[in-house]
Amino acid sequence: MYTGDAPPLLRQFLAYHETVKGHSRKTVDEYYLDLRLFFRFLKEHRGQAGAYERFDDIPINDVDIETVRSVTLQDVYAFMAFLSRQRPNRPNSEFSEYGLGAAARARKATTLRSFFKFLTLKARLLDVNPIQDLDVPKLSKTLPRYLKLDECLELLNSVEGRHQARDYCILTLFLNCGLRISELASLDLTSIKDDALRVKGKGDKERVVYLNEACLSAIADHLRLRGEPVPKDKNALFLSSRRSRISVKTIHVLVKKHLLSAGLDASRYSSHKLRHSAATLMLQNGVDVRTLQEILGHEHLNTTQIYTHVENSGLRDAARANPLADIKKTTSNT
């Protein structure tokens with residue numbers, strides 16, 4: 001994506017993240033879009049947008065080290081204010097609301113910090129990092145939404161229809177292995193070896209997830225009824241109605257469909273919530289957080305630790321262990 005109007009400085013940064021850091025193309029493209037947005041803003045903010053009337057038409061192919069060296073912390077905070085108040089949530093929609101949320105602003109701030117750190121410490125094109133004191137917007141911590149055990153059973157028991165075996169297998173892998181939707185869509189027949197599943201996660205990092213009896217049984221049933229794929233997708237584990245590899249969008253749709261069939265609120269739950277459900281159920285049933293980190297493919301432990309605050313039986317035990325736990329007072333109406 002960034003091969004068009006990306007100046008050499010940005011290409012150098014993006015290539016470093018893709019080839020050295022091992023980040024996925026999708027992640028690298030997001031970095032590029034963040035940086036392009038910032039330098040477009042910088043030009044408009046400084047009155048250097050020229051004759052371009054539309055913000056999204058402002059080119060950045062002339063951004064060089066002198067431009068970057070001139071950036072101040074005040075410029076970046078002005079950019080954050082622009083994102084918070086003026087940037088449309090959906091730039092291509094006439095009905096878009098304005099102002100990006102804290103998570104979107106935090107990601108863009110993180111991209112800028114990474115870019116300037118790279119130019120200072122790796123490329124050594126800057127003597128001083130002008131935004132090293134940049135604060136990232138604080139994010140409110142919310143607990144992940146998940147299905148309880150009885151709801152998971154209701155979901156699995158509700159699966160019917162033309163693709164019953166396929167859909168049941170997909171939901172079983174979501175709820176037992178905690179896969180990401182992109183990981184599940186990319187599974188091949190060769191991903192399975194005995195009771196092990198080789199999963200390609202973010203940044204093309206591979207991990208092994210072991211399959212329990214429920215998963216092995218669901219996979220066997222699915223393969224028995226899978227049918228013939230189109231030649232180019234002959235190795236895909238899951239196929240669409242057209243016999244090609246199933247897409248992420250199709251998985252989203254089938255998950256919503258079966259949630260509705262189970263009588264669950266499809267507006268509250270999604271395929272990603274099934275991943276949360278798997279993680280929560282594993283923790284509740286004795287899996288330690290380090291092992292869960294490996295299963296989910298989290299790079300950092302603190303990403304996994306959010307699940308330790310959900311339905312934590314230890315917290316209930318602590319409340320009951322308080323010596324005042326059984327003290328009750330009888331009050332009378334006088």
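The following conversation goes through a predicted model of a protein, from its overall make-up to single residues.

Student: What about contacts between residues at least 6 apart in sequence: what percentage join residues at least 24 apart?

Tutor: The figure is 58% of those contacts.

Student: On to charges. How many salt bridges does the structure hold?

Tutor: The structure holds 16 salt bridges. One of them joins the side chains of Arg40 and Asp56, with an N to O distance of 3.9 Å. This pair links distant parts of the chain, as Arg40 lies in helix H2 (residues 25-45) and Asp56 in the loop between H2 and H3, 16 residues apart.

Student: Which residue does Glu183 meet in a salt bridge?

Tutor: The side chain of Glu183 meets that of Arg180, at 2.5 Å from N to O. Glu183 is buried, with a relative accessible area of 1%, and Arg180 also counts as buried, at 11% relative accessibility.

Student: Then Asp221 and Arg224: how far apart are their closest N and O atoms?

Tutor: Those atoms are 3.7 Å apart, and the two residues form a salt bridge. Asp221 and Arg224 are separated by about one helical turn, because they are three residues apart in helix H9 (residues 213-225). Asp221 is partly exposed, with a relative accessible area of 36%, while Arg224 is exposed, at 61%.

Student: Which residues are linked in a network of salt bridges?

Tutor: Glu30, Asp34, Arg107 and Lys108 are linked in such a network.

Student: And which residues gather in a patch of positive charge?

Tutor: Lys21, Arg113, Lys117, Lys122 and Arg124 form that patch on the surface. Lys117 belongs to helix H5 (residues 102-122).

Student: Why does Lys117 count as exposed?

Tutor: Lys117 counts as exposed because its relative accessibility is 52%, and exposed means over 50%.

Student: Changing topic, where does Arg166 lie?

Tutor: Arg166 lies in helix H7 (residues 164-177). Arg166 is buried, with a relative accessible area of 9%. Beyond residues up to four places away in sequence, Arg166 touches His222, Phe238, Leu239, Ser240, Ser241, Ile246 and Leu254.

Student: What does Ile65 touch, again leaving out residues up to four places away?

Tutor: Ile65 touches Leu9, Leu125 and Leu126. Ile65 is part of helix H3 (residues 65-69). The C-alpha atoms of Ile65 and Leu119 are separated by 9.2 Å, although the two residues are 54 apart along the chain.

Student: Last one: is Ile295 buried or exposed?

Tutor: Ile295 counts as buried, because its relative accessibility is 18% and buried means under 20%. This residue is found in helix H12 (residues 289-296). Apart from neighbours within four places in sequence, Ile295 is in contact with Cys177, Arg207, Val209 and Met282. Ile295 and Ala279 are 16 residues apart in sequence, and their C-alpha atoms are 8.9 Å apart in space.

Technical notes: Residues numbered from 1 in each chain as written. Predicted model: local features only at pLDDT ≥ 70, side-chain atom pairs only at ≥ 80, totals over all residues. Heavy atoms only, no water. Helix = DSSP H or I, 4+ residues; strand = E, 2+ residues; numbered from the N terminus. Contact = heavy atoms within 4.5 Å. Patch = residues over 30% accessible without salt bridge, like charges linked within 9 Å, V, L, I, M, F, W, Y side chains within 5 Å. Areas by Shrake-Rupley, 256 points an atom, 1.4 Å probe, with all protein chains shown as cover. Salt bridge = Lys/Arg side-chain N within 4 Å of Asp/Glu carboxyl O. Lys, Arg positive; Asp, Glu negative; His and termini not counted. Charge placed at Lys NZ, Arg CZ, Asp CG, Glu CD. Buried < 20%, exposed > 50% of the residue type's maximum accessible area, 1.4 Å probe, protein only.
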